[in-house]
Amino acid sequence: MMAADGASRDTAGTDAPDAPAEAPRISRWDDACLAAALFAVDPAGSGGISLRALPGPVRELWLELLQELLPADEPVRRVPLHIADGRLLGGLDLAATLRAGRPVAERGLLAEADGGVVLLAMAERVARSTAAHLSAALDSGEVLVERDGITARTPTRFGVVALDEGANDEEQVPTTLVDRFAILLDLGDIALREAMPADYDVGEILAARGRLDAIAVDDQALEAICGTALALGVDSLRASLAALRVARASAALAGRDAVTVEDVSAAARLVLAPRATQLPAPPDQPPPDEEPPPPPEENQDDNQDENQPPDQEIDKPLEEVVLEAAEAAIPANLLAMLQMGAMRSRSRSSGKSGAIQSGSLRGRPAGTRRGEPGAGARLSVIETLRAAAPWQRLRRQERTQTARNGGPAADLLVEVRHDDFRVTRYRQRSETTTIFVVDASGSAALHRLAEAKGAVELLLADCYVRRDRVAMIAFRGPGAELLLPPTRSLVRAKRGLAGLPGGGGTPLAAGIDAAVELADGVQRRGGTPVVVLLTDGRANVTREGIGGRAQAGEDALSSARAFRVAELKALVVDVSPRPRPDAEKLAREMGAVYLPLPHADAAALSGAVKAVS
Amino acid sequence: MPVAFPFSAIVAQDEMKLAILIAATDQSIGGVLVFGDRGTGKSTAIRALAALLPSMRVVDSCVYNCDPEAADTVLCDACREQKAEKGKLKVRKSAVPVVDLPLGATEDRVIGALDLESALTRGEKRFEPGLLARAHRGFLYIDEANLLEDHLVDSLLDVAASGINVVEREGLSVRHPARFVLVGSGNPEEGELRPQLLDRFGLSVEVSTPKDLETRMKVVRLRDEYERDPEAFIDKWKRKDAKIRRQILKAKENLSEVDVPDATLQSAAELCLKLGTDGLRGELTLIRAARAYAALQGDDSVGVEHLRRVAPPALRHRLRRNVLDDAGSTTRVERAIEELFGEASAAA
């Protein structure tokens, strides 16, 4: 089943990417095999494994290996990308219901996978609702169904293998799921010739499962795990817990009865390193001593004996060894980003397109709901008939009743009533509205405005494809003015921009405030705003419209901070001939990307905006 | 149902625990919303609530768990008829329901619909109550509240506001009481909550992951212990859970006795005025929450220190977005408290 969707090993061997020449300290493939074995030891306990790799021989080999390690009688269920909720969770089995004359519940795929593994295909594109269902089942160890007249609670414990085929950073498995998976594995740069069959077998796995419950974990190991997680900036406590379980599985696999430094290192490599959001502080500089909160009094006496630090000298080294192991395992691309310090400041909602929105007319079909057709909703005939089917007997009886009482005796094959109507729901990405906020003051205004106008027009040309809108605010003299309300129309934009005035003072604060206000309006209508501010960052008109450089600068910075609170995507383009720190500081306060563009030309500007939004 | 993690074993997250206890003490508080980071025990705390709640008196044989002491207007049709006929109602004890609204739930199961089984087997039309009926006088929990389908949110809001569920479908016309405490949790990174739904919650709590090693180790250790042997773990924490249950029970009894002096009312009004919260709902919730908190503490009068403690969860989601203020809503509430009531006193 697992090998069904890929080319076989020998024919596809030539497409394997070439491996880098240097030999890694611990072979990536060995770690991948270890991950498969550890997952097989405790699929449900580890939650899951996220396997980032394009379909190809290496991934096939890994999946084959996993299949071999799982006992043959355990279910493996594949979840296709667009699975319906009814199939995933279970619901009414219509055919069986009609045949039996009583409600028959259909077991969902998650219930079927009890004790086994769920394979999630193309996990980077999985719908948020599917991800939420999987998360709920992983958390509670049961599937709770409240659908189509069926109420059912089915216990199910399974592990997930998420096949992540994301090609770039924007395609990621939903974070809700990743947070519940223990192991994150990237097979991306493993060459086929590195991928040897691993030397684990089912017997070992089964033996390890038997030992799993008895594995002891001492405080040092726990401290090493939690300490490493903190040092790498892995916030979610689920990750630490998962690392603990993986360490335990590792000890069981190795035939030990207590977790040792190797097990903790393996857990740190497989679980913690791929989630790092910061590089650990250098060893000579101990992590900041945080004041421990007063222990809640109700817990005090329970763990006292466990809290006693064992008086062994190797206490510190263990954590360092683990941390080093984890650091060495941080994937290269992640490492590069960490070194740039880019992770912490990453925007909350990264991603190119707007947020997803449920509309009634356009987009991808996303299930059905009860409702009236018309007014923009489309009738789903199949679902309507399905909804009507169970009630036919009742309705037939009612008809004979009315006929007997002298009513009209209609002879209907299937009676569909108003309540049966089901309409199709659609889901679409919400449109992005790019708001240009242009400094129209002073002498350079005319030039800047012309460039901004050019960029607006270039972006508008793209709008027909991307379904985006643009708007434009100019600020000069005493305040800001909305020159172009959000529009998709090229003609309207050109007309609105034609008579653009320039000159006067620079009321920067007023401009930023106006942008926040407009962006808020866009968000309320379900759009995603992106703000592009063209300025040199030097204000000389206060929020009240009075001249005064110092107060104006203060006002601008306070507006910038308010802007950051609104958490908008933004780009500050510094258009002064010689970029100065003012605009950069402003960008920092706004939480915006800073781009010095002294000779802003429309094409470069349009390109930069597209990169941000 | 798998046994829930014990409430008393939840480490730190004091504000969340307090908000849940306040809602359990005074159900009229209007629900709790817990928003925050992943893996902070949001769902764990709420699911643990069920085990804590003291039992309640219900009308025997009533499918809606009607309160025998309730006024006629709040009773369901069957109970009202029974009361008119016999003059009194038979009473039994029952657990307070904590109903899970799963994300994939369909509308018919939430608001109720024709009973499929009796329609198929006996050809009868019978109303099958939904989740809203089951949650009457108890709690309705929505995990990932921000991912709930819009049309379900609409039906929920309508019922939550009126306390009555009206079902008109398949030629069936049913009205039944459905007063429940809405409890929601979610992660802001998954999407914002609709403002209408946000406003429904009396208290809103922000949770974040603990950052110190000690607490984190404790959380991991306890959770691991629980997962390896849930029954033994629950047994170990049973007495502490029972203590909290007694605390809730006592607070419920004393709630009406707790005095709210005029000075406290005035302070609450000043605080709301200063923060510019919309409408009177904020003020009302603030007072109620403070009273419930005082009752939980065993105090017989509501003072400023009670207001100070419950003001952030009662008010932070009611602030208008202020363009001129860069601070987050929690900071704004705290700042206003400090300006009005001075630095935290030792009594608080």
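This is a predicted model: local features need pLDDT of at least 70, side-chain atom pairs count only at pLDDT 80 or more; totals for chains, interfaces and linings use all residues.
1. The main core. The largest nonpolar core holds 207 residues. Those with the most contacts inside this core are A37(A), I183(A), I225(A), A243(A), V246(A), V271(A) and L286(B). Helix α12 of chain A, residues 237-254, contributes the most, with twelve residues.

2. One residue of the main core. Which residues does I183(A) touch, leaving aside those up to four places away in sequence? They are A35(A), F39(A), S46(A), I49(A), V246(A), L270(A) and V271(A). Of these, V246(A) and V271(A) are also listed with I183(A) among the residues with the most contacts inside the largest core.

3. Strand β1 of chain A. This strand covers residues 48-52, and five of its five residues are buried, so it is largely enclosed by the rest of the structure. In a regular strand the side chains alternate between the two faces of the sheet. In β1(A) both faces are covered: G48(A), S50(A) and R52(A) are buried on one side, and I49(A) and L51(A) are buried on the other.

4. The partners of β1(A). Strand β8 of chain A, residues 159-164, runs parallel to β1(A) and is joined to it by five bridges. Strand β9 of chain A, residues 183-186, is also parallel to β1(A), with four bridges between them. I49(A) can be followed to both partners: its bridge partner in β8(A) is V161(A), and in β9(A) it stands opposite I183(A).

5. Chain B as a whole. Chain B has 14 helices and eleven strands. Its C-alpha trace spans about 70 × 50 × 40 Å along the principal axes. Why does a radius of gyration of 21 Å agree with a compact globule? With 348 residues, such a globule would have a value near 20 Å, so the 21 Å of chain B agrees. In chain B, 51% of the residues count as buried. Of its contacts between residues at least 6 apart in sequence, 75% join residues at least 24 apart.

6. Where the chains meet. In chain B, 58 residues are in contact with 62 residues of chain A. On the chain B side, the elements giving two or more residues are α4 (107-111), α5 (116-121), α7 (150-162) and α9 (213-228). α9(B) gives the most, with twelve residues. By class, this side of chain B has 19 nonpolar, eleven polar and 28 charged residues.

Conventions. Residues are numbered from 1 along each chain as its sequence is written. Chains are lettered from A and ligands numbered from 1 in the order in which they are written. A nonpolar core is a set of buried Ala, Val, Leu, Ile, Met, Phe, Trp, Tyr and Cys residues joined through C-beta atoms within 7 Å. A residue is buried if 20 or more other C-beta atoms lie within 10 Å of its own, exposed if 12 or fewer, and partly exposed in between; C-beta atoms are placed from the backbone. Two residues are in contact if their C-beta atoms, placed from the backbone, lie within 7 Å. The radius of gyration is taken over C-alpha atoms; the globule rule is 2.2 Å times the number of residues to the power 0.38. Two strands pair if DSSP finds at least two bridges between them. Ala, Val, Leu, Ile, Met, Phe, Trp, Tyr, Cys and Pro count as nonpolar, Asp, Glu, Lys and Arg as charged, and the others, Gly among them, as polar.
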